[in-house]
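Subject: The structure, and what turned up in it

Hi there,

Here is the structure I promised to pass on. Please open it alongside this email, and my notes follow below.

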Amino acid sequence: MKILSQIRAIRGLSMTLMVVGTASVAPAQTINWGNAASLSGINFDSGGSLLDGSYTFTLGVFDAGFDPYTADPTTWFANWTELDTATYNAPVSLFSDTFLVTDNTHAGQQAYIWGYNQTTPVDQTAEWVLITDDDGKDGNDWVIPNHSDQTALTLEWRVSSATSPVFGGLNDTQGPGDFSSDPTPYQLQTHTFPAPVPEPGALAFLAYAGFLTARRRRR
């Protein structure tokens with residue numbers, strides 16, 4: 001009887017440990033994001049030069065109701081929530097990471113990959129590319145899933161399957177932004193911003209300064 005009681009106690013302890021162990025594992029949805037490595041140059045800046053290790057790539061979402069398609073780019077960063085980040089490995093043109101969705105804070109929101117050399121200032125020194133998949137086809141849009149869906153397969157959000165260049169170039173398709181070279185073929189091309197246009201008064205001053213310079217030269 002004593003042995004039987006010990007066996008029952010051990011079984012009870014095992015069941016308790018199993019329950020505790022199961023409870024401690026929070027459900028999560030896995031998202032693999034980024035691009036595939038390549039020994040050929042596939043990612044370029046607006047002037048046609050290969051991207052280097054100074055670039056950062058992030059996975060994130062914009063605030064609810066904020067639309068980067070129509071919003072002023074200078075307001076993007078203030079409305080951006082970074083979920084994950086990946087460094088850029090220039091020799092193999094690679095950035096890639098895995099993000100685990102452990103809660104429903106951003107469930108249902110559109111996700112984007114944003115690559116940049118700087119977030120401020122937003123001028124001709126900034127090089128950005130912002131992409132997503134939001135075409136509503138194939139059921140693979142980049143929408144943050146519900147974390148409790150344990151039947152869902154790992155999501156693969158890759159540059160090769162993205163459909164929308166919100167800013168910059170994506171898979172040989174140019175989106176908004178300034179660029180001076182079209183390095184087709186490419187996966188990503190960052191674009192930049194135009195230099196500010198002087199106000200009319202400044203233009204008049206520049207014209208007058210040019211007139212004075214030309215007059216001095218003639219003398």
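Where is proline 185 found? Proline 185 sits in the loop between strand E11 (173-174) and strand E12 (188-189). Helices (H or I, at least four residues) and strands (E, at least two) are DSSP runs, numbered from the N terminus.

Before the rest, a word on the source. This is a predicted model, in which local features need pLDDT of at least 70 and side-chain atom pairs count only at pLDDT 80 or more, while totals for chains, interfaces and linings use all residues. Residues are numbered from 1 along each chain as its sequence is written, and side-chain values use heavy atoms, with hydrogens and water left out.

**Overall build**

The protein chain has two helices and twelve strands, running α-β-β-β-β-β-β-β-β-β-β-β-β-α from the N terminus on. Of its 219 residues, 35% count as buried (under 20% relative accessible area, with exposed over 50% and partly exposed in between; 1.4 Å probe, protein chains only). Among contacts (heavy atoms within 4.5 Å) between residues at least 6 apart in sequence, 66% join residues at least 24 apart.

**The cores**

In soluble globular proteins, nonpolar side chains tend to be buried together. A nonpolar core here is a set of buried Ala, Val, Leu, Ile, Met, Phe, Trp, Tyr and Cys residues joined through side-chain atoms within 4.5 Å. The largest one has 24 residues, and those with the most contacts inside it include Trp33, Phe57 and Trp157. Strands E1 (29-34), E3 (56-62), E4 (80-87), E5 (96-101), E6 and E7 each supply at least two residues of this core. Its largest share, three residues, comes from E3. Leaving aside neighbours within four places in sequence, phenylalanine 57 is in contact with Trp33, Phe95, Ile113 and Leu188, among others. A second, separate core of 14 residues includes Ala71, Tyr116, Ala126 and Leu130.

**The loop between E6 and E7**

Aspartate 123 is in the loop between strand E6 (111-116) and strand E7 (128-132). With a relative accessible area of 22%, aspartate 123 is partly exposed. Its side chain is joined to that of threonine 125 by a polar contact of 2.5 Å (a pair of N or O atoms within 3.5 Å; within protein, one must be able to donate a hydrogen and the other to accept it, and residues adjacent in sequence count only if both atoms are side-chain atoms). Beyond its neighbours within four places in sequence, aspartate 123 is in contact with Gln118, Thr192 and Phe193. The C-alpha atoms of aspartate 123 and proline 194 are separated by 6.8 Å, though these residues are 71 apart along the chain. Proline 121 lies in this loop too.

**Backbone points to look at**

Most residues other than glycine have a negative phi, and most peptide bonds are trans. Which bond is cis, with omega near -5 degrees? That is the peptide bond from threonine 120 to proline 121. The bond from threonine 184 to proline 185 is also cis, with omega near 5 degrees.

Asparagine 171, in the loop between strand E10 (169-170) and E11, has a positive phi of about 50 degrees although it is not a glycine. Aspartate 172 is found in the loop between E10 and E11, and has a positive phi of about 70 degrees. Asparagine 171 counts as partly exposed at 25% relative accessibility, and aspartate 172 counts as partly exposed at 39%.
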